[in-house]
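User: I would like a close look at a single part of this model. Please keep it brisk.

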Amino acid sequence: MATPIGNLRDITLRAVDALKDADVIACEDTRHTAKLLHAHGISTSMTPYHDHNADRARPILLERMRRGAVVALVSDAGTPLVADPGFKLVRACLADGIDVTAAPGPSAVLAALILSGLPTDRFLFAGFLPSRSVGRRKTLRELNDVKATLVLFESPQRIAAALADLAEILGPRDAAVVREMTKMHEEVRRGTLADLAATFAGEAAPKGEIVIIVGPPAAGLMTSDADLDATILDALTHQSLRDASAMIAAATGRPRRDIYARALALSAARGGSRPATR
């Protein structure tokens, strides 16, 4: 039997019992987990299970569980199986008919969502964005029309660049940057994506784990393609292509380059002269 458990200072009583009852504890870093076990008087033996040894360690753990052993899976931080290799162990257990249960505990995803002050009734956890801007912007365009609050993980070194891309692609949305969730140096910064992008661009890279929460597109911004075309054509009667694209992008939350490309296509289709781009 496998029991995933989050290795955090505010561990639940249920998780403590599970660790005491387990035959072995699989963990990312035995030194890190040893501190947790010592704090709670737990003497269960440990074995490493992480990205670098998972393929070798997994068959050994599975064989122990087939023989009736109880294995508790512990992460160094956050909730196991969320952005770590634990899901492969759970999947292998299920394929073998081995029972799996969970001892729920603190989750950076949910805690950051709650502290953000943004809508929580519908949200999408999208994990880590691509590290390079080209891939990141492509992913953000795919997420642009998702009618839900977005929850993203990001590294401290890329936070400024990621926020800049978020502001440009997703438009004027409220957001929050949460650092070191559920830990001693927990910090929450709230504002628009543009404001947060400007703030982090002027600072040294922060330390710790970061969660970005982005509010959903406002209902009024989700116009149909027909409505969008009509708005573009009307704006082009009295504005340049560049000014019209910037204005409509800000009003709709859609990427300016997409508005610009659509405006070019509409202008060509109607056979009119191309507005000045200035």
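In what order do the five strands of the open sheet lie, and what is the pairing?

Analyst: This is a predicted model. The order is 5-6-9-7-8. Five strands make up the sheet, which is open, and their pairing is mixed. Strand 5 (123-128) and strand 8 (187-192) are the edge strands. Each of these two pairs on one side only. From one strand to the next, the twist averages 15 degrees.

Now the pairing in detail. Strands of a sheet pair through backbone hydrogen bonds, in either a parallel or an antiparallel way. Strand 6 (residues 149-154) and strand 9 (residues 210-214) run antiparallel. Five bridges join them.

Helix 5 (residues 108-116) packs on it. This helix touches strand 5, strand 6, strand 7 (174-179), strand 8 and strand 9. The direction of helix 5 makes about 50 degrees with that of strand 9. Helix 8 (residues 193-201) lies across strand 7, strand 8 and strand 9. Relative to strand 8, helix 8 runs at about 125 degrees.

One further residue is worth a look. Aspartate 165 lies in helix 7 (residues 159-170). Its relative accessibility is 6%, so aspartate 165 counts as buried; the cut-off for buried is under 20%. Leaving out residues up to four places away in sequence, aspartate 165 touches Ser133, Arg136, Arg137, Leu140 and Leu170.

Terms used. Residues are numbered from 1 along each chain as its sequence is written. This is a predicted model: local features need pLDDT of at least 70, side-chain atom pairs count only at pLDDT 80 or more; totals for chains, interfaces and linings use all residues. Side-chain values use heavy atoms; hydrogens and water are left out. Helices (H or I, at least four residues) and strands (E, at least two) are DSSP runs, numbered from the N terminus. Buried means under 20% relative accessible area, exposed over 50%, partly exposed in between (1.4 Å probe, protein chains only). Contact means heavy atoms within 4.5 Å. Two strands pair if DSSP finds at least two bridges between them. Axes are lines fitted to C-alpha atoms, for helices over the stretch in contact, and angles run from 0 to 180 degrees between N-to-C directions.
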